[in-house]
Amino acid sequence: MDNHSVISAILEETGKAVLGKEDVLKKILTAIIAGGHILIDDIPGVGKTTIAMAFSHVLGLSYNRLQFTPDVLPSDITGFSMYDKNTGSFRYVPGAAMTNFLLADEINRASPKTQSALLEVMQEGRISIDGNTHNVPQPFIVMATQNPVGSSGTQELPESQTDRFMVRLTVGYPRKEDELQILKGTHLTKPSDLTPVITASQLLTLRQEAASVHVDDSLYAYMVSIANATRTSESITLGISPRGTMALASMTKAHAFLAGRDYAVPDDILQVAADTLPHRILLSGKARREGETAFTVLQSILRTLPLPRLTEA
């Protein structure tokens with residue numbers, strides 16, 4: 001199959017287990033192809049675990065799920081060294097992060113130390129235990145969920161940690177007709193019964209091809225202009241970091257790739273900006289008092305910046 005057929009097959013197969021969330025599934029796949037991690041900010045019970053399991057099966061990836069609670073330790077994520085009396089030496093016992101696809105469920109219920117351990121693995125792609133380094137399998141994807149801030153037993157993730165996630169999404173409630181089908185149990189497939197479409201190595205190939213999508217210099221300049229506008233806005237205390245600009249570029253390429261193009265256009269940037277940038281913005285106190293959100297401030301910035309003109313070859 002060509003790349004466009006492969007992408008369509010992945011979304012179609014995943015959609016067999018997740019009804020009515022085609023847009024969310026496409027955004028998650030875009031982030032996966034872009035090489036990033038996903039943060040889902042939503043209430044419990046809307047299918048976040050099902051989505052994670054569905055993608056891991058369809059993409060042919062190993063899968064672990066870790067339920068974050070206040071008593072979860074960093075070693076539950078990274079693993080630890082255990083003395084083996086038979087050999088008289090220490091051996092490494094892998095933690096939950098030693099997998100291709102890790103669902104970190106309700107991450108904002110864990111202690112800051114445990115959260116930091118996960119974010120370090122996400123950033124470094126490896127684990128150091130007692131002076132020994134262990135690389136996590138590739139591809140390595142973290143899908144973390146968090147309950148709305150203010151829910152019982154939760155604490156908000158610092159901006160420096162949310163910045164490590166390529167996108168921040170919400171799933172939302174299902175439509176009435178989809179919830180009816182869920183209740184009836186019709187037209188639904190268990191994630192474990194889904195058919196793998198690709199393998200882990202093929203996913204790495206797709207990532208390489210997406211990374212080679214051509215981005216015109218005018219588009220790069222436009223991305224930098226967006227970042228600079230967030231850094232100088234009176235409504236924003238903390239603007240988009242260079243990591244955020246790089247994430248925007250990667251998501252732009254992946255969005256173009258999923259559309260079947262080997263080049264990016266301005267609309268690719270606009271389509272991914274709302275999921276890639278707002279969680280990297282810290283509003284000023286005045287903006288919050290006036291009812292602004294990071295999303296509305298970003299949309300205001302995008303409306304004021306002229307769209308780039310592509311350079312003709």
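Tutor: Start at one point: N64 stands opposite L102, a residue of β5. Five bridges join β2 to β5 (residues 101-105), and the two strands run parallel. Strands here are DSSP runs of E with at least two residues, helices are runs of H or I with at least four, and both are numbered from the N terminus. Two strands pair if DSSP finds at least two bridges between them. Another link between these strands ties Q67 to its bridge partner D105 in β5.

A word on the basis. This is a predicted model, where local features need pLDDT of at least 70, side-chain atom pairs count only at pLDDT 80 or more, and totals for chains, interfaces and linings use all residues. Residues are numbered from 1 along each chain as its sequence is written, and side-chain values use heavy atoms, with hydrogens and water left out.

Now widen the view. β2 and β5 belong to an open sheet of five strands, ordered β2-β5-β8-β1-β9, with parallel pairing. β2 (63-67) and β9 (167-169) are the edge strands, each pairing on one side only. On average, neighbouring strands of the sheet are turned by 15 degrees against each other, direction ignored. Such angles are taken between axes, lines fitted to C-alpha atoms (for helices over the stretch in contact), and run from 0 to 180 degrees between N-to-C directions.

Stay with β5. Five of its five residues are buried, and the strand is mostly covered. Buried means under 20% relative accessible area, exposed means over 50%, and partly exposed lies in between (1.4 Å probe, protein chains only). F101, L103 and D105 point one way from β5, while L102 and A104 point the other way.

Next comes β8 (residues 141-146). Four bridges join β5 to β8, and they run parallel. L103 has M143 as its bridge partner in β8, and A104 has A144. Six of the six residues of β8 are buried, so this strand is largely enclosed by the rest of the structure. Both of its faces are covered. I141, M143 and T145 lie on one side, and V142, A144 and Q146 on the other. Beyond β8 comes β1 (residues 38-41), which pairs with β8 in the parallel sense over four bridges.

Leaving aside neighbours within four places in sequence, I32 is in contact with I38, F55, L59, F101, I141, L203 and R207. Contact means heavy atoms within 4.5 Å.

That leads on to the helices. The axes of α8 (residues 200-211) and α10 (residues 242-258) come within 8 Å and cross at roughly 105 degrees. α8 is therefore roughly perpendicular to α10. By the cut-offs, angles under 35 degrees are roughly parallel, over 145 roughly antiparallel, 65 to 115 roughly perpendicular, and the rest oblique. On the α8 side the contact is made by L206, E209, A210 and A211, and on the α10 side by K253, A254 and F257. These residues divide into five nonpolar, no polar and two charged. Here Ala, Val, Leu, Ile, Met, Phe, Trp, Tyr, Cys and Pro count as nonpolar, Asp, Glu, Lys and Arg as charged, and the others, Gly among them, as polar.

Two residues close the tour. T245 has its place in α10. T245 is buried, at 16% relative accessible area. Not counting residues up to four places away in sequence, T245 touches M223, V224, A227, R231 and I240. P196 sits in the loop between α7 (176-184) and α8. P196 counts as exposed, with 52% relative accessibility. With residues up to four places away in sequence left out, P196 touches H57 and V58.
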